[in-house]
Amino acid sequence: MTNAPRSDVRPLEPSLRDLAAPHAGAWERVRRRLSERAAAEGLVDVSFERHDSPLGSILLGATDAGLVRVGLPNEDEKAILAELAERISPRVLAGSRDSVTRARRQLDEYFDGDRRSFDVPLDWQLTRGFRREVLQATALIAYGRTASYREVATAAGRPGAFRAAGTALATNPLPIVVPCHRVLRSAGGLGDYRGGSQAKAQLLDLEGAA
Amino acid sequence: MSTAATHLAGDRLPPFEQVVELHGPVLLRYCAAQVGSDRAEDCLQETLLSALRGYARVREVGAIRSWLFSIAANKAVDLHRGDGRLAPPVDDLAPLGASEEPTYRDDALWAQVRELPEKQRQAVTLRYLGDLTHSEIAEVMETSQEAARRSVFEGLERLRREVTA
């Protein structure tokens, strides 16, 4: 014992609980190595990383099949992770994956104005049926162009279903990459956006389509 | 049916990420108490990897915490066995890793905890670092609830004697 016994540690229980305080340096090291080893062993079904962008911090989630979720800054990260756990697999862990690394680089280029379309494998499993068809039609709207909800519904094969098309766009799991921000109200006005109308305006402005 | 039981049965597994963030820091402390700070990170690493391997089979969300401590307790034993050390070293008060941050808020108390006899150290750290109930401690230590309670009590008594000696 290097330290002399102390008499000022009473009451003992709170002092003992204090010993559980986290140690940042060691903790970060553990996290990093855990992600690497878990990924190498194939134990992670959904990886995610946070990426800084002009909109704020974007969450990028991916499976073996590709990018599965883009979470915009105004979305609740805890809710996104819970959704991924429930709908895909509870084996969700922070860490990199090829498709996420590619998406991050391409997002940087996009926000710098150097990229007009994304070339990343996509995992569409969080959307199905008509909604998926609407989103796949939306993916074809070119940079700098916009379309109406009715046009997108028509492209997805159900011209009358523009309200359902709106729901599909509002629940787009892959915003920005699948450019639902390019779909506007035909009567004018931006229309709703999962990431908030300000983010929508910012993206259209960037693309020179505002 | 008790609310606790309904709670356990109906809940879905949280994302493993959340489990790591919620319980990891405390497990790291627990590992340090069992195997020493120089090997605490390895102990935790093995614990979390093992937990992730078995995570999909977890049935009771409410039991995740004591399940993690059970795995950590086993990994700590494995680490001791691995290099033939019978008891953890007592001269390991260097900070975890290479950081300059102070490792523990009260180094003297920490040293006393580390010098407790095996069972008392386990019981005291599970109770106060891990915040486990006596029945959870009994489960982790594979003993009776009464024995777990006694080990916590005896450990505390010993610490009290030493810090006031």
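Chain A is divided into domain 1 (28-111) and domain 2 (129-206), with bounds that come from an automatic or database domain assignment. This is a predicted model, in which local features need pLDDT of at least 70, side-chain atom pairs count only at pLDDT 80 or more, and totals for chains, interfaces and linings use all residues. Residues are numbered from 1 along each chain as its sequence is written, while chains are lettered from A and ligands numbered from 1 in the order in which they are written.

Nine residues of domain 1 of chain A are in contact (C-beta atoms, placed from the backbone, within 7 Å) with 11 residues of domain 2 of chain A. On the side of domain 1 that touches domain 2, β3 (66-71) and α4 (98-111) of chain A each supply at least two residues. The largest share, four residues, comes from β3(A). The centres of the two domains, taken over C-alpha atoms, are separated by 24 Å.

In chain B, the 18 residues of helix α3 (residues 37-54) should span 26 Å at 1.5 Å a residue, and the end C-alpha atoms are 26 Å apart, which agrees. The expected span is 1.5 Å times one less than the number of residues. Helices (H or I, at least four residues) and strands (E, at least two) are DSSP runs, numbered from the N terminus.

Confidence is given by pLDDT, the predictor's confidence in each residue, from 0 to 100. Chain B averages a pLDDT of 80.

| Segment of chain B | pLDDT | Contacts beyond four places in sequence |
|---|---|---|
| residues 1-10 | under 50 | six contacts |
| residues 84-103 | under 50 | 33 contacts |

Where pLDDT is low, the predicted coordinates should not be read in detail.

Conventions
Two residues are in contact if their C-beta atoms, placed from the backbone, lie within 7 Å.
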